[in-house]
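Subject: Structure handover

Hello,

Here is the structure we spoke about, with the sequence alongside. My notes on it follow below.

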Amino acid sequence: MKSFIPWIGGKSQLRKYIIPLIPPDTKRYIEVFGGAAWVLFGKERTPGQMEVYNDINGNLVNLYLQIKNNCSALQKEIDWLQSREIFERYREDILENVQLTDMQRAARFWYLIKCSFGTNLHSFATASKNLVDPADELPLYRERLKNVVIENKDFEQIVKTYDRPKACFFLDPPYVETERYYKTRLNCFETADHERLKAVLRTIKGRFILTYNDCEFIREMYKDYNICGVSRFNLLSPSVNNRGGV
Ligand SMILES: C[S@@+](CC[C@H](N)C(=O)[O-])C[C@H]1O[C@@H](n2cnc3c(N)ncnc32)[C@H](O)[C@@H]1O
């Protein structure tokens, strides 16, 4: 199935290369930098296999939790009227971290994802969007997430917690020089985090699949590992203005 949201760096196009790399004897599958979870939603559910979704973005993880636990209430909460005024108000609510219920926060955050230009969460997209279907399809996603453990932690803690010999981690961190796209109020991925990721992966008993942009820094860091190159059109510019995070 598709993801229920677009997300910057989402693996909608690349998942056809990634999913076949998951070892068939995987007992726990852990998506460490979950985002829109295109790989998780694209892979088959294997009986007896534990699945974990993690992301450090609390607003995003709250949206997953509301779909999993309060799906029908979330469907009612969402006002899909496409309007710049609603967009600006919701953006302020999320950016200013105003007091909201988890349900209200999830609905507002989803609205920002759906109605922003290029999923940047900041500027209202003037092109018309189909905003009715996604809410109607929510029960399918609730069903898919029923047995998925949802976490909101830094990657290092997740890798250490879920590592086992038959674990398979899928890691899709912010690419080098595009880290700012994923900035939140509490977190921004930095060069030291790329190195911290390499260090924790070196210690694991399980297996991992890691995706990155092709650059010297990463090729040098992972020169002792199997690297498989895939060509694709790059949609992310490393030179956009810095923005406040959500
Ligand atoms: C390239 S996106 C993942 C896209 C995802 N594979 C998909 O298909 O949509 C990277 C994700 O890493 C998350 N992230 C950034 N820093 C993190 C950290 N320290 N620990 C865990 N997740 C983090 C961001 O919030 C973002 O959703």
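To begin with a detail of the sheet: which residue in S4 does Ile30 stand opposite? Opposite Ile30 is Phe169 of S4. Please keep in mind throughout that this is a predicted model.

The sheet

The strands form an open sheet of five, in the order S3-S2-S1-S4-S5, and the pairing is parallel. At the edges are S3 (148-151) and S5 (207-210), each of which pairs on one side only. From one strand to the next, the twist averages 15°.

Taking the pairs in turn, S1 covers residues 28-31 and S2 covers residues 50-54; the two run parallel and are joined by four bridges. Within that pair, Glu31 has Tyr53 of S2 as its bridge partner. S1 also pairs with S4 (residues 167-171), in the parallel sense and over four bridges.

Helix packing

H3 (residues 58-69) packs against H8 (residues 138-145) at an angle of about 95°, and their axes are 8 Å apart. H3 is therefore roughly perpendicular to H8, since angles of 65 to 115 degrees count as such. On the H3 side the contact is made by Tyr64, Ile67 and Lys68, and on the H8 side by Leu138, Tyr141, Arg142 and Leu145. By class, the residues of this contact are five nonpolar, no polar and two charged.

The second pair is H9 (residues 155-162) with H10 (residues 191-202), which pack at an angle of about 5° with their axes 10 Å apart. H9 is therefore roughly parallel to H10, since the angle falls under 35 degrees. Phe155, Glu156, Val159 and Lys160 make the contact from H9, and Arg196, Leu197 and Val200 make it from H10. The residues of this contact divide into four nonpolar, no polar and three charged.

Domains

The protein chain is divided into domain 1, made up of 1-57 and 155-246, and domain 2, which is 59-151. Between the C-alpha centres of domain 1 and domain 2 there are 23 Å. Their contact takes 18 residues from domain 1 and 21 residues from domain 2. Which element gives the most to the side of domain 1 that touches domain 2? That is S2, with four residues. The side of domain 1 that touches domain 2 has eleven nonpolar, three polar and four charged residues.

Ligand

Last, the ligand. How many residues surround the ligand? There are 21 of them, and the closest are Gly9, Gly10, Phe33, Gly35 and Ala36. The shell around the ligand comprises eleven nonpolar, five polar and five charged residues.

Regards

Technical notes:
Residues are numbered from 1 along each chain as its sequence is written. This is a predicted model: local features need pLDDT of at least 70, side-chain atom pairs count only at pLDDT 80 or more; totals for chains, interfaces and linings use all residues. Two strands pair if DSSP finds at least two bridges between them. A residue is near a molecule or strand if its C-beta atom, placed from the backbone, lies within 6 Å of it. Ala, Val, Leu, Ile, Met, Phe, Trp, Tyr, Cys and Pro count as nonpolar, Asp, Glu, Lys and Arg as charged, and the others, Gly among them, as polar. Axes are lines fitted to C-alpha atoms, for helices over the stretch in contact, and angles run from 0 to 180 degrees between N-to-C directions. Angles under 35 degrees count as roughly parallel, over 145 as roughly antiparallel, 65 to 115 as roughly perpendicular and the rest as oblique. Two residues are in contact if their C-beta atoms, placed from the backbone, lie within 7 Å. Domain bounds come from an automatic or database domain assignment.
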